[in-house]
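Here is a short note to read alongside the model. Please keep the sequence and the structure in view while going through the points.

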Amino acid sequence: MSDLQKIVSDVGITFVASAVGMLLGFPITVLLGRYMGADDLGLYRMVSTIFGTFTLFVTIGVPNAIIKYVAEFRDNEEKLEQIVSAGLITSVLLGLFSFIFIYLSADLFADFFNMPELSGLLKILAFAFPFSIVNSTLIGLLNGLREMTKNAWVSIVQSATMLVLTFILVFKFGVNGAVSGIVLSSILTTFLLISIKKISSISLNNYFNTTSQIISFGSKTVLANAINLINYQADILMIGYFMTKTDVGVYSVAVMFAKLIWILPDSIQRITFPLISEYHAKKMNEQIMIVVDRCMKYSCLFLIFCTTFFIFFGKEFLALIFGAEFKISYSPLIILLIGTLFYGMTKSVGSIFASIGKVNLVYKIPLVSAIFNILLNMLLIPTYGIIGGAFATSFSLIVSMTLMLRFMRSLLGVKFDFWWYVKVFGITGFLIFVYLMVNKFSISLGLFLITLQCIVYFRSFIPFDDKQKLYQTIHNIERKYQFSLFGKILNKF
């Protein structure tokens, strides 16, 4: 297998694991929302947000450093042992520190967010940190060795374990049981990783120098990751501070669906990162233009279809899955979708600046966006509640998209097919106008219009060569599994 084939294979495996993990995680949110209501869902979301945010900072980038140095020294057994040993020992120490800090600070978090129930939940969560941080390092080891199949299975097993444990515990212990599910799944995942990647020995040889090297590199990656996390989590944290746990629960559902439509741009980005890096090294600028153009256009078609779906059916969809009390998630969802739609188009090539060596832009662009995000959230949430939070987040995402387009144009000379986008958005705008004006939110009318949208997009906005490749791929799948359905349908268009 060539290196390029290996990259594509790794991306495919990772994408499948991410998709399966997302599908397994979705029922937990539905269960908590329907069975326990918006209050307890809000508490759970606050706990998971604190968990993710604190973990990012406390690991000081050790997992990222492990990926880098394991990949570099995989053929040097002595150096590899030093790196793995230093990473694991440091992770254990950081995990113990995290346990003590979160357990002792639980009351302070509860007072800060004015959620008394948060204290007990964080004391339960504290037991997850030592295991979760070690897990991150062991997963970094698998990534560095490019053992992506093992990595994928670990991700799937962890998601499945959390789902099963949550369903078992939540009916008896409520939200405490749901948080206990996080802890127990982290513990089981640690044992799974140890059994998969047997560590023959732990060495203290050259520990301090190696640890210094790991932390020196890892700490640099924390900044960019932290800024992105602020962009993605600031609204929930500020709603938790200014509003109530019920508001957090309602808003978190809107956020979940708004970010769900990024699944395609995220998967494309994993391919474009190495691809654009290769083209840039070979000075194949024309190929970079083609990649950027196609990826952004196809992401646009997918994202705008998903956005149209939620505009037409979002309110009924939310009520069906989570219950009538979550219908109020519809308005913030639509506002958030505006930002995720526009930002999602550039997200498909979001690693382009890292690919061409402009690493400073990787954190500077999100930093500008984060400043807008925080300031607008502080100004709007106290007055407009979750609607204000949705507007602040959506606006900051559009700022990020605008900056990315500007630098892509100035650094690479990327040209954008302006009129193509005008036509796509114009057609969609007309269909939405018809839906809103002709009938009173008719499901049958919505189905007809969204089907018409798909037909028009496929016939008019996808190049003939790409259609032929799509036909060929589908025919190959049909021949392999001895059925014929989708190819015949697509050929009619």
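**Notes on the predicted model**

1. The protein chain has 18 helices and zero strands. This is a predicted model, and the points below should be read with that in mind. Of the 493 residues in the protein chain, 49% count as buried. Among contacts in the chain with a separation of 6 or more, 80% are accounted for by residues 24 or more positions apart.

2. Helix α3 covers residues 77–112 and bends by about 50° at Ser-105. After α3 comes Asn-114, and the phi of Asn-114 is positive, near 55°.

3. Next, a pair of helices. Two packed helices are described by the angle between their axes and the distance between the axes. For helix α11 (residues 285–322) and helix α12 (residues 330–347), the axes come within 9 Å and cross at roughly 175°. An angle over 145 degrees counts as roughly antiparallel, and therefore α11 and α12 are roughly antiparallel to each other.

4. Which residues of α11 meet α12? On the α11 side they include Met-296, Cys-300, Leu-303, Ile-304, Phe-310 and Lys-315. On the α12 side they include Tyr-330, Leu-333, Ile-334, Leu-337, Leu-341 and Met-345. The residues of this contact between α11 and α12 divide into 13 nonpolar, six polar and one charged.

5. Glu-286 also has its place in helix α11. Is Glu-286 buried or exposed? The relative accessibility of Glu-286 is 61%, so Glu-286 counts as exposed, the cut-off for exposed being over 50%. Glu-286 and Gly-413 are 127 residues apart along the chain, yet 9.9 Å separates their C-alpha atoms.

6. The last point concerns cysteines. A disulfide is a covalent bond between the sulfur atoms of two cysteines. How many disulfides does the structure hold? The structure holds zero disulfides. Cys-454 is in no disulfide, and the nearest cysteine sulfur, that of Cys-306, lies 9.7 Å away. A disulfide would need the two sulfur atoms within 2.5 Å.

7. Two cysteines can be set side by side for accessibility. Cys-295 has a relative accessible area of 13% and is buried, whereas Cys-454 has a relative accessible area of 35% and is partly exposed. The cut-offs behind these words are under 20% for buried and over 50% for exposed, with partly exposed in between.

How values were computed. Residues are numbered from 1 along each chain as its sequence is written. This is a predicted model: local features need pLDDT of at least 70, side-chain atom pairs count only at pLDDT 80 or more; totals for chains, interfaces and linings use all residues. Side-chain values use heavy atoms; hydrogens and water are left out. Axes are lines fitted to C-alpha atoms, for helices over the stretch in contact, and angles run from 0 to 180 degrees between N-to-C directions. Helices (H or I, at least four residues) and strands (E, at least two) are DSSP runs, numbered from the N terminus. Angles under 35 degrees count as roughly parallel, over 145 as roughly antiparallel, 65 to 115 as roughly perpendicular and the rest as oblique. Contact means heavy atoms within 4.5 Å. Ala, Val, Leu, Ile, Met, Phe, Trp, Tyr, Cys and Pro count as nonpolar, Asp, Glu, Lys and Arg as charged, and the others, Gly among them, as polar. The bend at a residue is the angle between axes fitted to the seven residues ending there and the seven starting there. Buried means under 20% relative accessible area, exposed over 50%, partly exposed in between (1.4 Å probe, protein chains only).
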